[in-house]
Amino acid sequence: MKPDLKPEIISSSDAHVAVKTTIGNIYNFYFNPDSSIEEIIEAITKALEGPCQGPSEETDEECVHTIITGDFNARIDEKM
């Protein structure tokens, strides 16, 4: 990552790493192929809780853009 983006790790787990930058927060996820869709959704939801993810009238805190990337190993050939 370019140093002028001033990257700072803000959270991490076995499934993700989140980095605060000057352009917004970047979340990168990896899920192994055996992960269920429920596990994937729960992990993403949990990682995104907390920091402001959009405009908020309840706080003066400036909200940031959020970029989500990763290898979700989401199978399209399996029925839910």
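With a relative accessibility of 10%, His 16 counts as buried (buried means under 20% relative accessible area, exposed over 50%, partly exposed in between, with a 1.4 Å probe and protein chains only). A word on the basis: this is a predicted model, in which local features need pLDDT of at least 70 and side-chain atom pairs count only at pLDDT 80 or more, while totals for chains, interfaces and linings use all residues. Residues are numbered from 1 along each chain as its sequence is written, and side-chain values use heavy atoms, with hydrogens and water left out.

Let's stay with His 16, which lies in strand E2. Its side chain makes two polar contacts listed below; such a contact is a pair of N or O atoms within 3.5 Å, where within protein one must be able to donate a hydrogen and the other to accept it, and residues adjacent in sequence count only if both atoms are side-chain atoms.

| Side chain | Partner side chain | Polar contact |
|---|---|---|
| His 16 | Ser 11 | 3.0 Å |
| His 16 | Ser 13 | 2.9 Å |

Leaving aside neighbours within four places in sequence, His 16 is in contact (heavy atoms within 4.5 Å) with Ser 11, Tyr 27, Asn 28, Phe 29 and Ala 47.

Now for the sheet. Four strands form an open sheet in the order E1-E2-E3-E4, with mixed pairing. Strands E1 (8-12) and E4 (66-71) are at the edges with a single partner strand each, so one side of each has no neighbour in the sheet. Strands here are DSSP runs of E with at least two residues, helices are runs of H or I with at least four, and both are numbered from the N terminus; two strands pair if DSSP finds at least two bridges between them. Strand E3 (residues 24-30) pairs with E4 in the parallel sense over 6 bridges, and Phe 29 stands opposite Gly 70 in E4. Helix H1 (residues 37-48) packs on the sheet and touches E2 (16-21), E3 and E4.

Phe 29 also leads us to the aromatic residues. The whole structure holds 4 aromatic pairs (rings of Phe, Tyr and Trp, the last by its six-membered ring, with centres within 6.5 Å; planes under 30 degrees apart count as stacked, over 60 as edge-to-face and the rest as tilted). Tyr 27 and Phe 29 are stacked, at 6.4 Å centre to centre and 10° between the planes. Phe 29 and Phe 31 are stacked as well, at 5.9 Å and 10°. Together with Phe 72, these residues form one aromatic cluster. Tyr 27 and Phe 29 are both buried, and Phe 31 is buried with a relative accessible area of 5%.

Definitions and conventions. Axes are lines fitted to C-alpha atoms, for helices over the stretch in contact, and angles run from 0 to 180 degrees between N-to-C directions.
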